[in-house]
Amino acid sequence: MSAQTIQPGINSTVTINNVSFPAAVSIESTEESERIDVTGFGDSVRTFTMGVLAATEITVRTYADPTGLSVGTQYANTSIEFGGANGREISGSPTVVSYSSSADVDGATVYEFTLLFSTV
C-alpha cells in the first residue's frame, strides 16, 4: 500500500479527541474575511466586514480508522498539523459535515471526512 493513493493533500497529523493518525489533508475554503452585502440609503454593495470571517472546511483522507466519527457531531480537542514541525496547525472544535469509506486499488480501506472549523 502506498500513501500516494490517498493524495492530493498535504501529509499531516490529525488529532481528534486526543487520538492521532497520519492523513492527507486538503483545505477546501478560504480563511479570509467574508464579504457580505451591505445596504444603506437605497444602494447595495459587497464589502468586507470587521469580525465576520469565512469558515474553514478541511477534507481528510486516511488509512487510519477514525472510529466513532458521526456527521453533525462537534469534536473537541481536534488539531491538524500540516507539513510536520515547521508547518502550520489548525485546532479547535470542528463539526463533521461528511464521512465516507471506500476501497482503493490495493483493497485497503480509505476513509474520507470533512471537518468544518468555524472562525470567530
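Trainee: So two strands pair if DSSP finds at least two bridges between them. How many bridges join β8 to β9 here?

Mentor: Eight bridges join β8 to β9, and the two run antiparallel. This is a predicted model, where local features need pLDDT of at least 70 and side-chain atom pairs count only at pLDDT 80 or more, while totals for chains, interfaces and linings use all residues. Residues are numbered from 1 along each chain as its sequence is written, and side-chain values use heavy atoms, with hydrogens and water left out.

Trainee: Got it. What order do the strands take in the sheet?

Mentor: The open sheet has seven strands in the order β7-β6-β1-β2-β5-β9-β8, with antiparallel pairing. Strands are DSSP runs (E, at least two residues), numbered from the N terminus.

Trainee: Which strands stand at the edges?

Mentor: Those are β7 (88–92) and β8 (95–103). Each has a single partner strand, so one side of each is left without a neighbour in the sheet.

Trainee: And how many bridges join β5 to β9?

Mentor: Seven bridges link β5 (residues 56–62) with β9 (residues 109–117), and these strands run antiparallel.

Trainee: Found it! What stands opposite threonine 59?

Mentor: Threonine 59 faces threonine 114 in β9.

Trainee: What about the hairpin of β8 and β9, how many residues lie between the strands?

Mentor: There are five residues between the strands of that hairpin, where glycine 107 takes a positive phi near 90°.

Trainee: New topic: how many aromatic pairs does the structure hold?

Mentor: The structure holds two aromatic pairs. In one of them, the rings of phenylalanine 21 and phenylalanine 113 have centres 6.5 Å apart and planes at 65°, so this pair is edge-to-face. Rings of Phe, Tyr and Trp (its six-membered ring) pair if their centres lie within 6.5 Å; planes under 30 degrees apart count as stacked, over 60 as edge-to-face and the rest as tilted.

Trainee: Where in the chain do phenylalanine 21 and phenylalanine 113 sit?

Mentor: Phenylalanine 21 is in strand β2 and phenylalanine 113 in strand β9, 92 residues apart, and the pair links these distant parts of the chain. Phe21, Tyr99 and Phe113 form one aromatic cluster.

Trainee: Is phenylalanine 113 buried or exposed?

Mentor: Phenylalanine 113 is buried, at 0% relative accessibility. Phenylalanine 21 is buried too, with a relative accessible area of 9%. Buried means under 20% relative accessible area, exposed over 50%, partly exposed in between (1.4 Å probe, protein chains only).

Notes. Helix = DSSP H or I, 4+ residues; strand = E, 2+ residues; numbered from the N terminus.
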